[in-house]
Amino acid sequence: MSGTRREIPNDPGRRDRILDAALDVIAEGGVHRTTHRKIAAQAGVPLGSLTYYFDGMDDLLALAFARLSDTMSQLYRRTLHSAGSTTEAEAAVVELICGPAYATDRDMTLIFEMYAYANHNTAVAATTRSWLARSRESLALHFTPGVARALDALIEGWPMHRRFDAAPLNRQLVAGVVHAVVNAAPHLPDEQL
């Protein structure tokens, strides 16, 4: 029967609000403290909405982490895509590592939670692998595959150190290391993406 209430959503943004709320709840208390009730309250939706849109907590968490991955990958890609030269691409990498837009404290908390959860959830593990591949593809716009992998490790790791050191990174040091990795390209093995 066409035109039934179930076919016509009365709140078309509800699913996205739930996913955003799930990320907020995870960022605040971790995956282990995330519940349907907390997510529903954060999203301002009835508890039953979660079972309407998602096949349980694992599905909801997997889709929330996929949303995080997509958002972060788009920012990563935009930052690198705008570079017009290798020098600008190096500066873009430094910005991803040191700048305020990528890997905020909240982002880092969510990334840690996603990586830990990926060890126990195949869908989130696949999302994580896909995210790493997209990051290297973005870097490959300017760098060889081997350099892209090395730079991606710096982009993933250095913000983690910043977070746990609770101190800003030395941008000059980061720029020097990025430049050294890029200049080492002829001596690094080329790797298939």
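**Helix 6**

I started with helix 6, residues 105-118, where I counted 14 residues and a reach of 20 Å from the first C-alpha to the last, close to the 20 Å expected at 1.5 Å a residue. The expected span here is 1.5 Å times one less than the number of residues in the helix. Helices are DSSP runs (H or I, at least four residues), strands are E runs of at least two, and both are numbered from the N terminus. A note on provenance: I am working from a predicted model, in which local features need pLDDT of at least 70, side-chain atom pairs count only at pLDDT 80 or more, and totals for chains, interfaces and linings use all residues. Residues are numbered from 1 along each chain as its sequence is written, and side-chain values use heavy atoms, with hydrogens and water left out.

Next I looked up burial in helix 6. Asp107, Met108, Thr109, Leu110, Ile111, Met114, Tyr117 and Ala118 are buried. My cut-offs: buried is under 20% relative accessible area, exposed is over 50%, and partly exposed is in between (1.4 Å probe, protein chains only). The cover over these buried residues includes helix 1, helix 4, helix 7 and helix 8, with contact taken as heavy atoms within 4.5 Å.

**Helix 5**

I moved back to helix 5, residues 86-98, which has 13 residues and reaches 18 Å between its end C-alpha atoms, close to the 18 Å expected at 1.5 Å a residue. Its buried residues are Ala89, Glu90, Ala92, Val93, Val94, Leu96, Ile97 and Cys98. Among the elements covering the buried part of helix 5 I found helix 4 (57-81), helix 7 (122-139), helix 8 (145-165) and helix 9 (171-183).

**The core**

Which residues have the most contacts inside the largest nonpolar core? I got Ile97 and Leu151, in a core of 57 residues. A nonpolar core here is a set of buried Ala, Val, Leu, Ile, Met, Phe, Trp, Tyr and Cys residues joined through side-chain atoms within 4.5 Å. Helices 1, 2, 4, 5, 6, 7, 8 and 9 each give two or more residues to this core, and helix 4 gives the most, with 11 residues.

I then listed the partners of Ile97. Leaving aside neighbours within four places in sequence, Ile97 is in contact with Leu154, Ile155, Trp158, Pro159, Arg162, Leu169, Val174 and Val178.

**The cavity**

I ran the cavity search on a 1 Å grid over the protein atoms alone: a cavity is a set of points where a 1.4 Å probe fits but cannot get out, and lining residues have an atom within 4 Å of a point. Grid points are joined across faces, edges and corners, and a volume is the space filled by probe spheres set on the points. The count came to one cavity of 30 Å³ or more, and the largest cavity holds about 30 Å³ of space.

Its lining is Tyr102, Ala103, Met108, Ile111, Ile155, Glu156 and Pro159. Helix 6 and helix 8 are the elements that give two or more residues to this lining, and helix 8 has the largest share, with three residues. By type, the lining has six nonpolar residues, no polar ones and one charged.

Most residues other than glycine have a negative phi. I flagged Ala103, which has a positive phi of about 60° without being a glycine. Ala103 is in the loop between helix 5 and helix 6, and it counts as buried because its relative accessible area is 2%.

I flagged Ala166 too, with a positive phi of about 55°. Is Ala166 buried or exposed? Ala166 is exposed, because its relative accessible area is 70%. Its place is the loop between helix 8 and helix 9.

**Two spot checks**

Ser73 is in helix 4 and counts as buried because its relative accessibility is 9%. Beyond neighbours within four places in sequence, Ser73 is in contact with Trp131 and Arg134.

His32 is in the loop between helix 1 (14-29) and helix 2 (36-43), and it counts as exposed because its relative accessibility is 63%.

**Whole chain**

Last, I noted nine helices and zero strands, and 42% of the 193 residues are buried.

Conventions
On a 1 Å grid over the protein atoms alone, a cavity is a set of points where a 1.4 Å probe fits but cannot get out, and a pocket is an open set with protein on both sides within 12 Å along at least five of seven lines; lining residues have an atom within 4 Å of a point. Ala, Val, Leu, Ile, Met, Phe, Trp, Tyr, Cys and Pro count as nonpolar, Asp, Glu, Lys and Arg as charged, and the others, Gly among them, as polar.
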